[in-house]
Amino acid sequence: MRIRIVDAFTDRPFAGNPAGVLLLDAFPDDDRLQKIALEVNHAETAFAHPLPEGGEADWALRWFTPATEVNMCGHATLATAHVLSTTGAHEGTVRFTTRSGVLVATPQEDGSITLDFPTAPLTPVEVPAGVAEALGAEPLVAFDTGPNIGDLVIELADEKTVHALNPDLKALSAYSERGIIATARAEDPSRGYDFVSRCFFPNVGIDEDPVTGSAHTALAPFWSERLGRTVLTGLQASPRSGRVRTELRGDRTLLSGRAVTVIEGDLLA
């Protein structure tokens, strides 16, 4: 079977978030999927197979970290849509059936791809005792993101604080199902982004995720309310870095970005 490594939410190789992508005839057993994802050893590996015509979706899609299957992954969905489009396996808009319902990806004329994802429901919560020490910064507010995301959104004082984070990942794992999204308003919006974030997911085997599409389904409503605009651009300030354009449409959030295939080969085992 063919395997590809795709850098998502970037227009150049060796940036953004890498994902493994495998297009299959059908899903093998879960143990084999997990072993492949561990071997690929990126934040997520996406597995997809075509569905019969006439249904609510065109392809079935699943995502695995090196440690577990996850409910939603934006960058690996973008990577899969990119592979389908660039290889001719599927033309135009593609509908994926997933653990999070039907997700839609639409290639754009400028080469980007737009994902249609459910907006994360944000629920304000008390900042948990100890999270400031684990994160290494004082939170302003905290929000739960609901079951599909499973994160805690933490707003910090400013962009510099987000960039400087060096959290205690073991301690941080106690505060949410998947991890922590740390965010702040952009210091200078003229640089082309409205807010910054970093995402730490020790509970699913990812210390820091390079660029997290699913997190932006929570960051979009969070910052749209504060900034008074439905269309925003987020910078995920990981070492690899990447930008996600978001458009809030009520209970749906559009995520747009580019992707680049960097490796293609055969899985022999």
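Buried means under 20% relative accessible area, exposed over 50% and partly exposed in between, with a 1.4 Å probe and protein chains only. By that cut-off, the buried residues of helix H6 are His216, Thr217, Ala218, Leu219, Ala220, Pro221, Phe222, Trp223, Ser224 and Leu227. This is a predicted model, in which local features need pLDDT of at least 70, side-chain atom pairs count only at pLDDT 80 or more, and totals for chains, interfaces and linings use all residues. Residues are numbered from 1 along each chain as its sequence is written, and side-chain values use heavy atoms, with hydrogens and water left out. Helices (H or I, at least four residues) and strands (E, at least two) are DSSP runs, numbered from the N terminus.

- H6 covers residues 216-227. Ten of its twelve residues are buried, so the helix is largely enclosed by the rest of the structure.
- Gly228 follows H6 and has a positive phi, near 75°.
- Phe222 lies in H6. Its relative accessibility is 1%, so Phe222 counts as buried.
- Contact means heavy atoms within 4.5 Å. Leaving aside residues up to four places away in sequence, Phe222 touches Leu122, Val141, Phe143, Val153, Glu155 and Thr183.
- Phe222 and Arg185 are 37 residues apart along the chain, and 11 Å separates their C-alpha atoms.

- S12 spans residues 179-185. Six of its seven residues are buried, so S12 is largely enclosed by the rest of the structure.
- Two strands pair if DSSP finds at least two bridges between them.
- S12 pairs with S11 (residues 151-155) in the parallel sense, over five bridges. Ile154 has Ala182 of S12 as its bridge partner.
- S12 also pairs with S13 (residues 195-201), here in the antiparallel sense and over six bridges. Arg185 stands opposite Phe195 of S13.

- S4 (residues 59-64) pairs with S6 in the parallel sense over two bridges. Trp59 stands opposite Phe96.
- S7 (residues 101-107) runs antiparallel to S6, joined by five bridges. Phe96 stands opposite Leu103 of S7.
- A hairpin of two residues links S6 to S7.

**Nonpolar cores**

- A nonpolar core is a set of buried Ala, Val, Leu, Ile, Met, Phe, Trp, Tyr and Cys residues joined through side-chain atoms within 4.5 Å.
- The largest core has 48 residues. Trp63, Leu78, Val94, Phe96, Ala105, Leu115 and Trp223 have the most contacts inside it.
- Helix H2 (residues 74-87) supplies the largest share of this core, six residues.
- Leu78 touches Ala8, Phe9, Ile113, Leu115, Gly257, Arg258 and Ala259, not counting residues up to four places away in sequence.

**Cysteines**

- A disulfide is a pair of cysteine sulfur atoms within 2.5 Å. The count by this rule is zero.
- The closest cysteine sulfur to that of Cys73 is in Cys199, 11 Å away and too far for a bond.
- Cys73 counts as buried at 4% relative accessibility. Cys199 counts as buried at 0%.
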